[in-house]
Amino acid sequence: MYIAYVFTVILSSYIYNRQKHQLTESPQSSDREQGGILSSDLTYRETVSIQAHDDGEYEPLLPYTQSTTQIFLNAINPVDLRTWRRWHWSAKILKVIKVPVEVLLLLTVPVVDTDKEDHNWKRPLNCLHIITAPLVCVLTFQSGNYGLYLIKGEVPVWVLTICIGVFLSGIVFFTTTNEQPPRYHFLYSLLGFVVSALWISTAASEIVSVLHLLGIVLSLSNTVLGLTLLAWGNSIGDCFADITIARQGYPRMAISACFGGIIFNMLFGVGLGCLLQFIRNNSVVMLEPEGLLCWVLSGALGLSLVLSFILVPLQCFHLSRAYGIFLLCFYVVFLIVALLTEFRIIQF
């Protein structure tokens with residue numbers, strides 16, 4: 001079902017873009033396109049000139065080459081001293097609180113930026129990443145169980161990881177320069193992706209553990225924690241990302257991400273989980289409802305999808321503010337009913 005969904009989305013997008021391109025091939029539309037391109041090009045040039053002026057304000061008058069130590073210190077500095085004085089005092093306090101975490105991420109997660117001329121190549125820091133990034137992977141994967149494993153009962157895996165990282169780091173350091181990134185620099189992006197995923201997984205595991213502890217202290221069931229704190233923590237990142245994308249002028253992308261994420265979790269996540277369960281144990285997964293709350297959750301999810309399926313086409317796919325308010329009110333009502341059901345105030 002998920003493969004069919006992706007194929008349908010790609011095919012419909014291709015047909016839509018092709019029809020749109022055919023409609024814009026008329027001479028009048030071509031003139032408008034050229035005018036739009038010229039105006040956007042002027043805007044882009046003005047923006048670039050302004051940025052160049054701002055950057056030029058801080059450029060040295062004489063040629064200056066940074067040493068390896070200076071490159072490393074500047075690379076792990078998360079504070080832009082050039083704009084620090086312009087920040088509000090509240091932003092400065094928040095930045096100071098985030099500095100330790102940002103420094104830790106800078107030391108462990110390599111970042112390749114193709115928009116920069118040197119692709120964000122920082123020779124001393126990238127050499128250090130060869131040591132710290134695998135070490136983070138070893139100590140965070142499966143809660144560090146593999147990292148603490150003793151080879152022949154004597155040497156821990158994390159010690160072997162550090163030794164191999166130091167050896168490879170020395171090779172990279174003595175075969176490269178500070179100015180020119182090596183040809184294999186793109187491999188750092190893959191390493192950064194793996195380390196970032198493990199950092200996120202570790203943080204999510206700790207959050208789940210804290211929420212479980214909170215549920216024990218407050219005598220809350222796992223279902224209540226799942227539909228409130230854990231659900232909010234799980235989705236707040238996607239929520240802010242979708243809002244930001246919509247404000248930048250891409251509302252279709254934001255709405256597609258909202259529905260696409262749910263479809264991926266339900267179809268691919270549940271499907272892959274059931275498949276692995278069948279392969280490992282050769283048995284089916286039994287889902288037994290734990291009372292009325294499970295029916296409230298299922299009913300609210302199904303009703304919300306049915307209402308969207310009916311109301312969105314009735315509005316000719318022009319989503320208004322009233323529809324957004326309706327969805328927010330629907331979620332508040334669902335949350336109240338679910339909590340009242342869990343605390344046995346509502347019983348049938």
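## Lys 98 in helix H5

Lys 98 has its place in helix H5. This is a predicted model, and in it Lys 98 counts as partly exposed, because its relative accessibility is 37% and that class runs between under 20% for buried and over 50% for exposed. What separates the C-alpha atoms of Lys 98 and Pro 78? The distance is 9.2 Å, for two residues that sit 20 apart along the chain.

## Aromatic pairs

On to the rings. The structure holds nine aromatic pairs. Take Tyr 2 and Phe 264: their ring centres are 5.4 Å apart and their planes meet at 70°, so this pair is edge-to-face, the cut-off for that label being over 60 degrees. The pair links distant parts of the chain, with Tyr 2 in helix H1 (residues 2–23) and Phe 264 in helix H10 (residues 251–281), 262 residues apart. Tyr 2 is partly exposed at 23% relative accessible area, and Phe 264 is also partly exposed, at 35%.

Trp 121 and Tyr 188 make another pair, with centres 6.3 Å apart and planes at 75°, so they count as edge-to-face too. Trp 121 lies in the loop between helix H5 (89–108) and helix H6 (123–140), while Tyr 188 is in helix H8 (residues 187–218), so the pair ties together parts that are 67 residues apart in sequence.

## A ring cluster and a charge over a ring

Which residues do ring pairs link into a cluster? Tyr 2 and Phe 264 turn up again here, joined by Tyr 5 and Phe 268.

There's also a charge sitting over a ring: Arg 123 lies over the face of Phe 173, at 3.9 Å from the ring centre.

## The nonpolar surface patch

Now for the surface. Met 1, Ile 255, Phe 259, Ile 262, Met 266, Leu 267, Leu 301, Leu 305 and Leu 319 form a nonpolar patch there, and together they have about 820 Å² of accessible area. The elements giving two or more residues to this patch are H10 and helix H11 (292–314). Which element gives the largest share? That would be H10, with five residues.

Met 266 is one of the patch residues, and it lies in helix H10. Its relative accessible area is 43%, so Met 266 is partly exposed.

Key: Residues numbered from 1 in each chain as written. Predicted model: local features only at pLDDT ≥ 70, side-chain atom pairs only at ≥ 80, totals over all residues. Heavy atoms only, no water. Phe/Tyr/Trp six-rings, centres within 6.5 Å; stacked < 30°, edge-to-face > 60°. Helix = DSSP H or I, 4+ residues; strand = E, 2+ residues; numbered from the N terminus. Buried < 20%, exposed > 50% of the residue type's maximum accessible area, 1.4 Å probe, protein only. Lys NZ or Arg CZ within 6 Å of the ring centre and 35° of its normal. Patch = residues over 30% accessible without salt bridge, like charges linked within 9 Å, V, L, I, M, F, W, Y side chains within 5 Å. Areas by Shrake-Rupley, 256 points an atom, 1.4 Å probe, with all protein chains shown as cover. Salt bridge = Lys/Arg side-chain N within 4 Å of Asp/Glu carboxyl O.
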